[in-house]
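Good morning. Please have the sequence and the structure open.

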Amino acid sequence: MSVDPSLRVATDKETGVAVVTLDRPERLNALDLATASELAATWRELRFDDTVRTIVLTGAGPRAFCTGLDRTATVPQPDSPYMVDDPLERIGPKANDLWKPVIAAVNGMACGGAFYLLAESEFLVADPSATFFDPHTTYGMVSAYETMGMAQRMPYGEIARMALMGTAERVSAARAYEIGLVSEVSAPGGSLAASVEHARVIASYPPEGVQGTVRAVWAAKEAARAHALAFAPHLVRLGNLPGGRQAELFAARTRDFRLR
């Protein structure tokens, strides 16, 4: 399997577990266009690797799981209100027709575009230091794709509050557990080890039943999600500030936030 320097894939063929690591800690594991493309390619390659039966997704370093799209990325857009190119649209396993279970081991910050990945994971294991937030509204952007995906995991009031509060507030691992966003808060520094252990158990079961179960659970929410996503491009086009104004707001950002 090809491996980009910003993405690491380690496979244990004895246990059937692969660990996919976003490896841009100097950029808080933000996704540039090359990493986004490599993620999509990795999921599609894993479809054909029968030695891999369960996958753990994590981020390198203690500071962040993933902070979404790298602010330095340039994404050209068609000059039409009917078309929006979303650079993160294909970064998730389900978007690439992968129905092997994926467990997200969340360390540090998870925000914005990270929700594309979390929304398509089977369940989340969080380090006590993990935090979740959505900066879009702070910088004059519509949170559409992110909130639509995470609305399948969080109560309406919680996803609405996280999206609308922007950078002023972050959801702690403890609160994320209370609302069902994460299924477990690990020991400090232990989210990856705990996730791998769960993955080993799942990988030990017959894959046909496991993958069928993943597909069944996803099908239960897929229709509503697909219907909602049809509105997303138009909402983004209508509500996003011009790029220059977004950059001004980002440059003027503060580091103050409330943890709940």
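Leaving aside its neighbours within four places in sequence, which residues is Pro93 in contact with? Find Pro93 on your screen before I answer. The model is a predicted one, so everything I say about contacts is about that prediction.

The answer is Trp43, Leu98, Val102 and Glu120. Take Glu120 from that list. Along the chain, Pro93 and Glu120 are 27 residues apart, while their C-alpha atoms are separated by 6.4 Å. Pro93 belongs to the loop that runs between strand E4, residues 64-66, and strand E5, residues 102-106. Is Pro93 buried or exposed? With a relative accessible area of 1%, Pro93 is buried, because the cut-off for buried is under 20%.

The backbone of Asp97 deserves a look: phi is positive, about 60°, although Asp97 is not a glycine. Leu28 is another case of a positive phi in a residue other than glycine, with a value near 55°. You will find Leu28 in the loop between strand E2, residues 17-22, and helix H1, residues 33-47.

Now go back towards the start of the chain. Ser6 sits in the segment before strand E1, which covers residues 7-12. What does Ser6 touch, not counting residues up to four places away in sequence? The list is Thr21, Leu22, Asp23, Arg24 and Thr35. Ser6 has a relative accessible area of 8% and is buried.

Two more positions for orientation. Val142 is in the loop between strand E8, residues 131-133, and helix H3, residues 145-150. A relative accessible area of 24% makes Val142 partly exposed. Phe132 is 10 residues from Val142 along the chain, and the C-alpha atoms of the pair are separated by 17 Å. Gly244 is part of helix H9, residues 243-251. Gly244 counts as partly exposed too, at 48% relative accessibility. Between Gly244 and Gln77 there are 167 positions along the chain, and 14 Å from C-alpha to C-alpha.

Next, the cysteines. How many disulfides does the structure hold? The count is 0. As a reminder, a disulfide is a covalent bond between the sulfur atoms of two cysteines. Cys66 is in no disulfide, and the nearest cysteine sulfur, that of Cys111, is 7.4 Å away. Cys111 is likewise in no disulfide, with the sulfur of Cys66 as its nearest cysteine sulfur. For a disulfide the sulfur atoms would have to be within 2.5 Å. Cys66 is at 0% relative accessibility and counts as buried. Cys111, at 5%, counts as buried as well.

Now the whole protein. The secondary structure comes to 9 helices and 11 strands. How compact is the protein? Its radius of gyration is 18 Å, close to the 18 Å that the globule rule gives for 260 residues, so the protein is as compact as a globular protein of that length. The C-alpha trace spans about 50 × 40 × 35 Å along its principal axes.

What share of the 260 residues counts as buried? It is 49%.

Contacts can be sorted by how far apart the partners are in sequence. Of the contacts with a separation of 6 or more, 75% are between residues 24 or more positions apart. The pair we began with, Pro93 and Glu120, is 27 residues apart and in contact.

Last, the charges. There are 26 positive and 30 negative charges, and their mean positions are 4 Å apart.

To finish, please go back to Pro93, in the loop between E4 and E5, and find its contacts Trp43, Leu98, Val102 and Glu120 for yourself. That is the end of my part.

Notes: Residues are numbered from 1 along each chain as its sequence is written. This is a predicted model: local features need pLDDT of at least 70, side-chain atom pairs count only at pLDDT 80 or more; totals for chains, interfaces and linings use all residues. Side-chain values use heavy atoms; hydrogens and water are left out. Helices (H or I, at least four residues) and strands (E, at least two) are DSSP runs, numbered from the N terminus. The radius of gyration is taken over C-alpha atoms; the globule rule is 2.2 Å times the number of residues to the power 0.38. Buried means under 20% relative accessible area, exposed over 50%, partly exposed in between (1.4 Å probe, protein chains only). Contact means heavy atoms within 4.5 Å. Lys and Arg count as positive and Asp and Glu as negative; His and the chain ends are not counted. The place of a charge is taken as NZ of Lys, CZ of Arg, CG of Asp or CD of Glu.
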